[in-house]
Structure formats: C-alpha cells, structure tokens
Amino acid sequence: MKHSTSRRMPLIIFGFFAILLSLMMLPASTAHAERPYTDCSPKEIHPIYWKATLRGSIRVQIQETKQTKTIDRGTRVTVTNYNPVGKNTVMLEDGTHFKVSISALNIYDHACTKGDFTKKTKTAFVNSRALRSKTNWMIWVSTDRQSLNVFRGSSRHWVLVKKFDCSTGMANWATPLGRKTIIRKERAVYSEEFESWLIYFLEFGGSGIHKWPGPHATEFIGREPCSHACVRLRQAPAIWVYKHVPVGTRLFIY
C-alpha cells in the first residue's frame with residue numbers, strides 16, 4: 001500500500017499545478033472583463049447618449065446638408081446632446097443630425113458605454129478644458145461611463161486622485177450637464193418628494209452627490225443611470241467624497 005501511494009504522489013502534484021496554471025490564465029476578475037479601460041483622445045469623450053422616438057412627424061433641417069426634411073412619427077433617434085429646456089441634438093441611423101425640442105421626443109433608453117477611461121485619458125480630458133475651482137479640488141462625473149473622478153490641483157494642472165463607480169439620472173430625470181459648484185454638505189437630508197434619506201449629501205444646484213438611498217440594488221452603480229438627477233455612490237465612496245471634498249469645489253458633469 002505504501003508503494004502504491006508513493007507512485008500516485010507525482011500524479012497528484014502534477015494535477016495540482018495544472019489546475020493552478022489554468023486558474024492563473026483566467027481573467028483577474030469579472031469586473032475587469034466588464035469594464036475595460038479606454039485610452040482615447042479627449043475629443044472622443046461625450047456625455048451619455050439617449051435613445052428616443054419622435055412623438056409626431058416634423059419638418060427639420062439636417063445639419064450636415066442644410067436641407068429640410070420630414071421625419072416621420074415613431075422614427076428612432078439617438079439624443080447626442082440632451083437639453084431638458086431647449087433644443088436637443090439628435091442623430092438618425094444614417095449618422096445625420098438635427099435639433100428638436102424635448103417635447104417632441106419620447107426618451108426611453110440610454111446607451112452609455114461599458115468600461116471606463118484610463119487615468120491618462122481622464123487627465124488629458126479635464127486639462128484640455130479651463131475647469132477652475134474655488135478650492136484645489138475638482139470633480140468630473142462622466143455620464144457616459146457612469147464614473148465619478150476626483151482631481152486635485154488647479155486649472156490645466158489637475159491630477160486624478162480617486163475614481164468611483166456612480167449612477168446618474170435615468171431617462172426623463174437626466175443629471176444636468178455642465179459646470180456646477182458644490183454649494184453645501186449635509187450628513188443627511190430628507191427628500192419629501194421621494195420619501196427617502198440622502199446620506200453624505202453634497203448639493204449642486206437642486207441635485208446632489210450622495211450614498212445610494214437604499215440597502216439593495218447597488219449593482220446598478222457603474223452600469224446604468226437610475227437616479228432622479230442626483231449622482232449616487234456606494235457607501236464607502238460616498239463617505240470618502242463627503243469627508244474630503246470641500247464646499248466651493250467645481251463639479252463638471254459631462
């Protein structure tokens with residue numbers, strides 16, 4: 001029996017190392033596989049694109065050709081420049097664009113891009129714009145990649161120090177784009193409209209950055225927009241942002 005056991009040992013050892021080698025060849029994590037990092041030009045970065053249909057037939061001017069064209073009711077379009085109060089730039093399937101008011105659209109879905117940008121791309125993007133802050137902090141929220149990026153420094157010299165997955169506003173509740181400012185911080189704010197506590201709340205003009213307002217469904221963070229115009233974070237990131245980012249900080253939503 002001892003002789004038989006000793007002959008099987010090399011096979012057992014070989015099998016162990018074969019399994020170990022196969023595990024090492026697997027992706028580091030499913031998160032890495034689902035969120036690849038994109039290295040691109042700052043000019044290629046854009047806000048989230050929304051899917052929509054036209055509520056009725058309309059006459060529009062095509063931007064590329066300057067020709068007037070009738071677009072039929074129910075035509076599917078991609079909203080490339082969402083504006084809740086003014087004209088929206090939309091794209092047809094052939095790649096041409098025209099402008100239309102929000103009242104003419106049924107926005108029903110989003111087309112955010114999976115993954116995130118590399119640190120190099122993020123740094124190049126924010127420093128390609130004159131983003132000035134009253135503090136030495138600055139935040140860029142990418143609605144397309146559902147990420148919140150914290151920088152330190154000054155205009156044209158920002159350095160990325162933290163990045164977190166986030167969830168921005170869903171269709172018809174889109175987080176307002178543009179340059180904002182953190183105007184106050186509150187440990188907890190109660191929303192009577194949604195009957196919910198907003199914890200670690202940083203306000204920016206009617207909306208805010210805060211912890212996900214419930215114990216469940218945080219798997220949506222970093223994957224798709226599902227807030228009512230706020231920027232939602234998981235608890236640990238929300239605590240970090242609340243603790244470190246001061247009032248007066250520039251917030252750039254794009």
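In the predicted model, five strands in the order 12-11-10-18-13 build an open sheet of mixed pairing; strands (E, at least two residues) and helices (H or I, at least four) are DSSP runs numbered from the N terminus, and two strands pair if DSSP finds at least two bridges between them. Strand 12 (159–165) and strand 13 (178–181) form the edges, each pairing on one side only. Neighbouring strands of the sheet are turned by 20 degrees against each other on average, direction ignored, with axes fitted as lines to C-alpha atoms, for helices over the stretch in contact, and angles running from 0 to 180 degrees between N-to-C directions. Strand 10 (residues 137–142) and strand 11 (residues 147–152) run antiparallel and are joined by six bridges. Within this pair, Val150 of strand 11 stands opposite Ile139.

Helix 3 (residues 119–127) packs on the sheet, where strand 10, strand 11, strand 12 and strand 18 (250–253) are touched; contact means heavy atoms within 4.5 Å. The direction of helix 3 makes about 65 degrees with that of strand 11. Helix 4 (residues 235–244) also packs on the sheet, touching strand 10, strand 11 and strand 12, and its direction makes about 145 degrees with that of strand 12.

The buried residues of helix 3 are Thr121, Lys122, Phe125, Val126 and Asn127, buried meaning under 20% relative accessible area (1.4 Å probe, protein chains only). Their packing partners include strand 1 (37–38) and strand 9 (116–117).

Residues are numbered from 1 along each chain as its sequence is written. Local features need pLDDT of at least 70, side-chain atom pairs count only at pLDDT 80 or more, and totals for chains, interfaces and linings use all residues, while side-chain values use heavy atoms, with hydrogens and water left out.

Terms used. Buried < 20%, exposed > 50% of the residue type's maximum accessible area, 1.4 Å probe, protein only.
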